[in-house]
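Here are my notes on this one, written for someone new to reading structures. Have a look at the picture before you go through them.

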Amino acid sequence: MVNPVSQVGYKAVQLTQDLGSMAAFAVDIVRTSLTRPVRFAAFAREIYKLGVLSLPIICVCGLTVGMVMGLQGHHTLVRFGAQRSLGAVVGLSLIRELGPVLTALLVAGRAGSATAAEIGAMVATEQLNGLRMLSIDPVSLVVKPRAVGMLFVTPLLTGLFIVCGLYGGYLVGVGLLHGDPGSYMSSLRAVVDFHNDIECCMLKSTVFGLLLGLIATYRGYTSAPTSQGVSAATTSCVVISSVTVLLTDYLASALWGV
Amino acid sequence: MNRSSVRDFVVGLFVLAGIAAIVYLSISIGGLTWHKAGGLKLSAAFDETGGLSVRAPVVIAGVRVGEIATISLQNDYRAKVDLELDPTLKLPTDTTASIVTAGVLGDRYIELQPGGDEKLLKSGERITFTESAVILERLIGQLVYGSAKRSTTNNPAATEPAKTK
């Protein structure tokens with residue numbers, strides 16, 4: 001029977017070690033990103049896998065979220081006779097919070113898990129060791145394109161998610177509930193500010209992309225070389241990414257002071 | 001090779017679509033402009049701004065012609081509101097600026113009413129004729145205390161509650 005106090009101590013040391021080696025891993029990625037070879041082809045392949053293949057789910061989810069916001073927002077606003085501000089409600093919530101966060105969660109589930117599983121399987125089949133034997137740095141060849149690709153792709157997907165969401169809100173608010181198309185767009189334009197809202201949104205999604213790429217590649221890279229190791233890496237990647245995204249979102253919103 | 005070039009094209013489309021979405025959000029929805037300088041910059045002093053906010057619209061006859069750049073307090077405790085207007089706009093010197101409300105409880109904005117003077121306002125000049133915001137609570141208060149004032153003459157309305165102590 002282990003002493004519960006030392007159990008807590010062990011866990012704390014393990015957590016600190018994990019965070020430290022993750023930071024070292026991040027430094028390694030930055031170092032390889034600044035040095036040659038640039039690996040454009042691998043980068044394009046990762047943008048295809050992480051971004052283009054995530055496009056359907058991002059667009060469908062964005063459209064659905066916008067439609068739900070339009071419907072619910074309309075029913076609430078009608079009570080105060082403020083249906084004219086539907087565009088502002090849908091737009092602000094999508095741009096400030098829902099867009100960056102939901103996109104990051106979807107990317108974590110769709111692309112982050114795949115990345116962690118892929119690198120984990122490479123570890124399990126000793127492909128990374130093979131690369132090391134050929135004196136090719138696996139961080140440069142395998143990790144860098146995926147982490148940088150994720151960083152690059154997340155803001156783009158967020159932008160597309162928000163545009164789909166705005167269109168979804170428009171479809172419901174104007175098409176289904178016969179709202180006024182002019183007041184939807186003008187209330188949206190009047191309320192959304194570039195410096196307060198769009199900048200905040202883009203900053204958030206860039207930070208999320210950075211974290212998602214780092215967590216997914218780190219989890220895969222450090223997974224145990226067994227089939228259980230791969231599945232554990234995939235699961236913990238999604239769990240840790242989601243919790244980190246939500247916590248970071250709160251911190252970013254609080255620090256931005258909106 | 002063929003497969004790769006198709007993929008590259010799709011990646012290119014995706015990146016361009018993403019950038020287009022962000023640019024659309026920034027410019028069309030967020031109102032980002034590069035030519036900030038060069039607009040007609042006027043200022044006006046008000047006794048009461050009543051919740052007027054920066055970036056609120058400035059209109060003439062209901063048409064948006066600019067927005068509010070800054071709101072600050074002057075030394076004489078009046079509010080100084082800086083307006084940034086369309087540079088092609090020609091306003092006479094006796095233009096009136098008034099703070100009005102969209103609907104009963106809606107957002108505040110500034111309405112300009114051009115006068116008939118032949119001289120025109122230049123950038124950096126001040127609109128002298130202003131009309132402050134109407135505060136609904138104060139209006140109601142005036143209504144209530146105004147009727148009380150009529151019954152007890154010469155007593156300022158504000159001292160009324162203190163007297164009953």
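1. Ground rules first. This is a predicted model, in which local features need pLDDT of at least 70 and side-chain atom pairs count only at pLDDT 80 or more, while totals for chains, interfaces and linings use all residues. Residues are numbered from 1 along each chain as its sequence is written, with chains lettered from A and ligands numbered from 1 in the order in which they are written.

2. Start with two helices of chain A, α8 (residues 194-221) and α9 (residues 227-256): their axes come within 9 Å and cross at roughly 155°. Helices here are DSSP runs of H or I with at least four residues, strands are runs of E with at least two, and both are numbered from the N terminus. Axes are lines fitted to C-alpha atoms, for helices over the stretch in contact, and angles run from 0 to 180 degrees between N-to-C directions. α8(A) and α9(A) are therefore roughly antiparallel to each other (the label for angles over 145 degrees).

3. What touches what between these helices? Among the residues in contact are F208(A) and L211(A) from α8(A), and I240(A) and W256(A) from α9(A). Contact means that the C-beta atoms, placed from the backbone, lie within 7 Å. The residues of this helix contact divide into 13 nonpolar, five polar and three charged. Nonpolar covers Ala, Val, Leu, Ile, Met, Phe, Trp, Tyr, Cys and Pro; charged covers Asp, Glu, Lys and Arg; the others, Gly among them, are polar.

4. Now check two loop residues. E126(A) sits between α4 (86-124) and α5 (127-133) of chain A, and its phi is near 60°, a positive value in a residue other than glycine. S135(A), in the loop between α5 and α6 (138-176) of chain A, has a positive phi of about 55° and isn't a glycine either.

5. Are those two buried or exposed? E126(A) counts as exposed because it has 12 C-beta neighbours inside 10 Å, and S135(A) counts as exposed with 6. The cut-offs: buried is 20 or more other C-beta atoms within 10 Å, exposed is 12 or fewer, and partly exposed is in between, with C-beta atoms placed from the backbone.

6. Over in chain B, eight strands form an open sheet with mixed pairing, in the order β7-β1-β4-β3-β2-β6-β5-β8. Pairing requires at least two DSSP bridges between two strands. The edge strands, β7 (126-127) and β8 (129-131) of chain B, each pair on one side only.

7. Finally, the chain contact: chain A puts in 22 residues and chain B 19. The chain B side divides into twelve nonpolar, four polar and three charged.

How values were computed: Angles under 35 degrees count as roughly parallel, over 145 as roughly antiparallel, 65 to 115 as roughly perpendicular and the rest as oblique. Two residues are in contact if their C-beta atoms, placed from the backbone, lie within 7 Å.
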